Amino acid sequence: MEGKKTFILRAAEIADSIQTFSHPWNSKSEISGVYLGRTVGLKRTGVNFARIAPGKESFVYHSHYREEEWIYILSGRGIAEIDG
């Protein structure tokens with residue numbers, strides 16, 4: 001079935017797709033990850049896998065007007081600032 005879209009990502013595919021980037025307004029920002037939702041073709045839902053190194057941060061403090069954001073910490077510890 002040539003050209004058929006698959007919605008399964010294997011761990012090796014995710015590992016090969018990981019990129020490291022930082023938020024331009026946060027000098028402590030360093031995120032290594034991949035956009036999982038985009039990879040499988042999602043259009044209205046963002047699903048991302050990210051690793052934050054010890055002592056680093058993700059983004060600047062921000063809010064969303066028309067979307068929700070959720071975070072799962074799978075290992076280690078993290079601090080989330082919510083409503084100040």
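Analyst: A helix is a DSSP run of H or I with at least four residues, and helices are numbered from the N terminus. Helix 1 covers residues 11-17, and I14 has its place there. One caution: this is a predicted model.

User: Is I14 buried, partly exposed or exposed?

Analyst: Use the cut-offs: buried is under 20% relative accessible area, exposed is over 50%, and partly exposed lies in between. I14 has 21% relative accessibility, so I14 counts as partly exposed.

User: How far apart are I14 and W70 in sequence and in space?

Analyst: They are 56 residues apart in sequence. From C-alpha to C-alpha, the distance in space is 20 Å. Now take I18, in the loop between helix 1 and strand 1. I18 and G33 are 15 residues apart in sequence, and their C-alpha atoms are 4.7 Å apart in space. I18 is partly exposed, with a relative accessible area of 27%.

User: How do I read a sheet? What is the strand order here?

Analyst: Strands of a sheet pair through backbone hydrogen bonds, either parallel or antiparallel. In this model, three strands form an open sheet in the order 1-2-3, and the pairing is antiparallel. Strand 1 (19-21) and strand 3 (48-52) stand at the edges. Each has a single partner strand, so one side of each is left without a neighbour in the sheet. From one strand to the next, the twist averages 30°.

User: How many bridges join strand 1 and strand 2?

Analyst: Three bridges, in the antiparallel sense, with strand 2 spanning residues 31-35. Trace them by residue. F21 has I31 of strand 2 as its bridge partner. Q19 has G33 of strand 2 as its partner.

User: How many bridges join strand 2 to strand 3?

Analyst: Five, and these two strands run antiparallel. V34 has F49 in strand 3 as its bridge partner.

User: How much of strand 2 is buried?

Analyst: Four of its five residues are buried, so strand 2 is mostly covered.

User: Now pockets. How much space lies in the largest pocket?

Analyst: Rolling a probe the size of a water molecule over the atoms shows where empty space is left. In this model, the largest pocket holds about 2,500 Å³ of space.

User: How many residues line the largest pocket, and which lie nearest its centre?

Analyst: The lining has 50 residues. Nearest the centre of the pocket are I52, S58, F59, E69 and I71. By class, the lining has 23 nonpolar, 16 polar and 11 charged residues.

User: Which element supplies the largest share of that lining?

Analyst: Strand 3, with five residues. Strand 1, strand 2, helix 2 (36-39) and strand 3 each supply at least two residues of the lining.

Definitions and conventions. Residues are numbered from 1 along each chain as its sequence is written. This is a predicted model: local features need pLDDT of at least 70, side-chain atom pairs count only at pLDDT 80 or more; totals for chains, interfaces and linings use all residues. Side-chain values use heavy atoms; hydrogens and water are left out. Two strands pair if DSSP finds at least two bridges between them. Axes are lines fitted to C-alpha atoms, for helices over the stretch in contact, and angles run from 0 to 180 degrees between N-to-C directions. Buried means under 20% relative accessible area, exposed over 50%, partly exposed in between (1.4 Å probe, protein chains only). On a 1 Å grid over the protein atoms alone, a cavity is a set of points where a 1.4 Å probe fits but cannot get out, and a pocket is an open set with protein on both sides within 12 Å along at least five of seven lines; lining residues have an atom within 4 Å of a point. Grid points are joined across faces, edges and corners, and a volume is the space filled by probe spheres set on the points. Ala, Val, Leu, Ile, Met, Phe, Trp, Tyr, Cys and Pro count as nonpolar, Asp, Glu, Lys and Arg as charged, and the others, Gly among them, as polar.
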